[in-house]
Amino acid sequence: MDVIGQLAEQSGQYEGQGINHDKEDFVGKLTLNSILEGKAIEIDFTATGIDGTCYHAEKTIISNDFAGNVRMWNLNSNSPGMTELELRSTDNGIVFGIADVNDKNSFREEIKIELDNGSIGYHYSWGLPGGEFAYRSGLKMNKV
C-alpha cells in the first residue's frame, strides 16, 4: 500500500467534534498536505475545548526513512519531545505506533488515521507506564 500517496490524495482541511481522555468535548481541526513534491505528508492538528482551551496541538510528518520504511514523526503539546512511530498496519486504517502495547513498563502509543470518502478519522490509543493501554481520544472530521 502506498500510504504517502493515499494520504496525499486526501490533502485539505478537515473539522469535526470529538472527546478526549478526560471526557471533554473538543473541536478538532486537521490540515493534511503533501510536501516536497510528494516525499512526505504534513499534518497540523489542534483539539480545542468549547471554552477555547487548547487541549492538544501537533505537527506531524509522515515519510520514508533512509531504509524505505514509512514512519511518522509527531511533535505535540502533550509530549516532552518528538516521537518517531513505526507503521504497524494498513488493514483497518493506517496505524503508527511506538513500544509494545502489552509492555506495562513503558509508555506506548498508537495513532490511527482512517480515510473514508471525504472524511478523516484521527484516533489516539496509549498507556502510561504501569497503566492500561486503551483508546483515549479521537474523532471523525469532514472536509471543509
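Modeller: A strand here is a DSSP run of E with at least two residues, and strands are numbered from the N terminus. By that rule S125 sits in strand β9. One thing to keep in mind is that this is a predicted model.

Colleague: Thanks, that helps! Why is S125 called buried?

Modeller: The word applies under 20% relative accessible area. S125 has 14%, so it counts as buried.

Colleague: Which residues does S125 touch, if its neighbours within four places in sequence are left aside?

Modeller: The contacts of S125 are R108, E109, E110, F133, A134, Y135 and R136. Each of these has heavy atoms within 4.5 Å of S125, which is what contact means here.

Colleague: What makes β9 and β10 a pair?

Modeller: Pairing needs at least two bridges between the strands. β9 and β10 have 8 in the antiparallel sense, so they qualify. One example is H123, whose bridge partner in β10 is G138. The two strands form a hairpin with 6 residues between them, where G130 takes a positive phi near 85°.

Colleague: What about β7 and β8; how do you know they pair?

Modeller: There are 5 bridges between β7 (residues 94–98) and β8 (residues 108–116), and at least two are needed, so this is a pair. It is antiparallel. V95 stands opposite K112 in β8, and F96 stands opposite I111 in β8.

Colleague: What kind of arrangement do the strands build?

Modeller: They build a closed barrel of 10 strands, running β1-β2-β3-β4-β5-β6-β7-β8-β9-β10 with antiparallel pairing. Neighbouring strands are turned by 25° against each other on average, direction ignored.

Colleague: How do you know that β1 pairs with β10?

Modeller: Count the bridges: 4 join β1 (residues 12–19) to β10, and the rule asks for at least two, so they pair. E15 has N142 as its bridge partner in β10.

Colleague: Let's move to M72. What makes M72 count as buried?

Modeller: Its relative accessibility is 0%, and the limit is under 20%, so M72 is buried. M72 lies in strand β5 (residues 70–76). Leaving aside neighbours within four places in sequence, its contacts include I61, L85, F96, I111 and I113. M72 and I61 are 11 residues apart in sequence, yet 5.7 Å apart in space, C-alpha to C-alpha.

Colleague: Last topic, the largest pocket. What is its volume, and which residues are closest to its centre?

Modeller: The volume is about 400 Å³. Of the 22 lining residues, H21, H56, N78, W126 and S137 are closest to the centre. The elements giving two or more residues to the lining are β3 (40–49), β4 (54–64), β9 (119–127) and β10 (134–143).

Note on methods:
Residues numbered from 1 in each chain as written. Predicted model: local features only at pLDDT ≥ 70, side-chain atom pairs only at ≥ 80, totals over all residues. Heavy atoms only, no water. 1 Å grid on protein atoms, 1.4 Å probe; cavity = no way out; pocket = protein on both sides within 12 Å on 5 of 7 lines; lining within 4 Å. Points joined across faces, edges and corners; volume = space filled by probe spheres on them. Axes fitted to C-alpha atoms, helices over the stretch in contact; angles between N-to-C directions. Buried < 20%, exposed > 50% of the residue type's maximum accessible area, 1.4 Å probe, protein only.
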